[in-house]
Amino acid sequence: MENTRRVLVTGAAGQTGQHIFRKLLAKPGYAPIGTVRSEESRQALLAGTAGIGGAPVAHPESVVICDITNADTSTLDELLADCDALMICTSAKPAPTGEINEETKRPIFGFPNGQPELVDWTGQKNLIDAAKKAKKEVHVVLCGSMGGTNPDNSLNNLGKITNKSDGSVSGGDILKWKRKSEVYLRNESGLPCTIVHPGGLLNEPGNERELCLGVDDKIPGTSNNSVPREDVANVMIAALEDESYRGRSFDLVSKPVGDGVRTKDYGKLLQSLDGKNCDYSLGEIA
C-alpha cells in the first residue's frame, strides 16, 4: 500500500522489541521488519505472530537475521533504504558467568553476546549511519536506559574485566556506551529522533498504569523507578505517530497499578515535560 510506513525494529526477538514488532504488525498502515540474531529466534518470532493482523503468521520476509555489529553494513543499508522509521531495541545483555567475586561473594556477570562497546556503540552507530543513507528521512526512536547521569551506576560495573598482567580494566560501562550512541544520534546524525530512557523493565501487562516522564534521572510525581515493557513499546510507537515527539529525549517510569490515572493520551503525557530534554553534559560518555 502506498501510504504504508515501513519500520525496521532491531532486537525484535527481545522482550521490548517483540512488543513493538507485534503491535506494529497489528496496526493498520505499518509494515514492520524485525531483526534477530539467529534462525531459532526468527522462527520463534514468526510463530508468535499467529493471528496478528488477520494473518496466520507474519510474512517470512518480515523477520530478518542480521548482526548489527558486523563491519560489513550492506545488509543494514539494504534494510533501511526504503524505511520511514527505525526502532532501536538492541542492547548488550548481561548474564552470570558462573564465577563468584571472591570479595563480594556475588555472581560475576559478563556479556556473552557482545560487550556494550560493540553492541550499544558500534552496532547502534552502524544502524544510525545506515539510516542516514536511506532514500527518505528516517525517524529514529531509540530505547536507552535511565541511570546515565551517574557514572558510578552499578550497571556500569557489569562485565568489566581486569587484566591480571597489568591491572588494567576493560569492558562494561554499558550506560556510558549507550550515552555515546545517543549523543551521536542527537548531535551528529542529522536525523529526526526520539530517545526513551525507561526505568527498571517489568514483564507485566501494559495499559494499566499512569506513566510519568522526567529528565536526567529525576521524575516528579512518583518514587517508583520501574515500568512495564509493553508501556515502553506504547510510548515508542506514540513517538512515530506524534510529530511533537521528534527531537525529544526523556526518562520513563510508571506509577504502581491503582495509583493515579491510567495513561491514554500520549500527547498530553509528553506535555508534562514542559519542553525539557535530557542534558547530555551530565554523567560520562565512553
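A disulfide is taken here as a pair of cysteine sulfur atoms within 2.5 Å. The structure is a predicted model, in which local features need pLDDT of at least 70 and side-chain atom pairs count only at pLDDT 80 or more, while totals for chains, interfaces and linings use all residues. Residues are numbered from 1 along each chain as its sequence is written, and side-chain values use heavy atoms, with hydrogens and water left out.

Under the disulfide criterion, the count is zero. The sulfur of cysteine 212 lies 15 Å from the closest cysteine sulfur, that of cysteine 278, which is too far for a bond; likewise, the sulfur of cysteine 143 is too far for a bond, with its closest cysteine sulfur, in cysteine 89, at 5.7 Å. Cysteine 212 is buried, at 7% relative accessibility (buried means under 20% relative accessible area, exposed over 50%, and partly exposed in between, with a 1.4 Å probe and protein chains only), and cysteine 143 is also buried, at 9%.

Two aromatic pairs are present, where rings of Phe, Tyr and Trp (its six-membered ring) pair if their centres lie within 6.5 Å, with planes under 30 degrees apart counted as stacked, over 60 as edge-to-face and the rest as tilted. Tryptophan 121 and tyrosine 184 form an edge-to-face pair, with 5.9 Å between the centres and 90 degrees between the planes. Tryptophan 121 is buried, with a relative accessible area of 15%, and tyrosine 184 is buried at 9%. The rings of tyrosine 245 and phenylalanine 250 have centres 6.0 Å apart and planes at 70 degrees, so this pair is edge-to-face as well.
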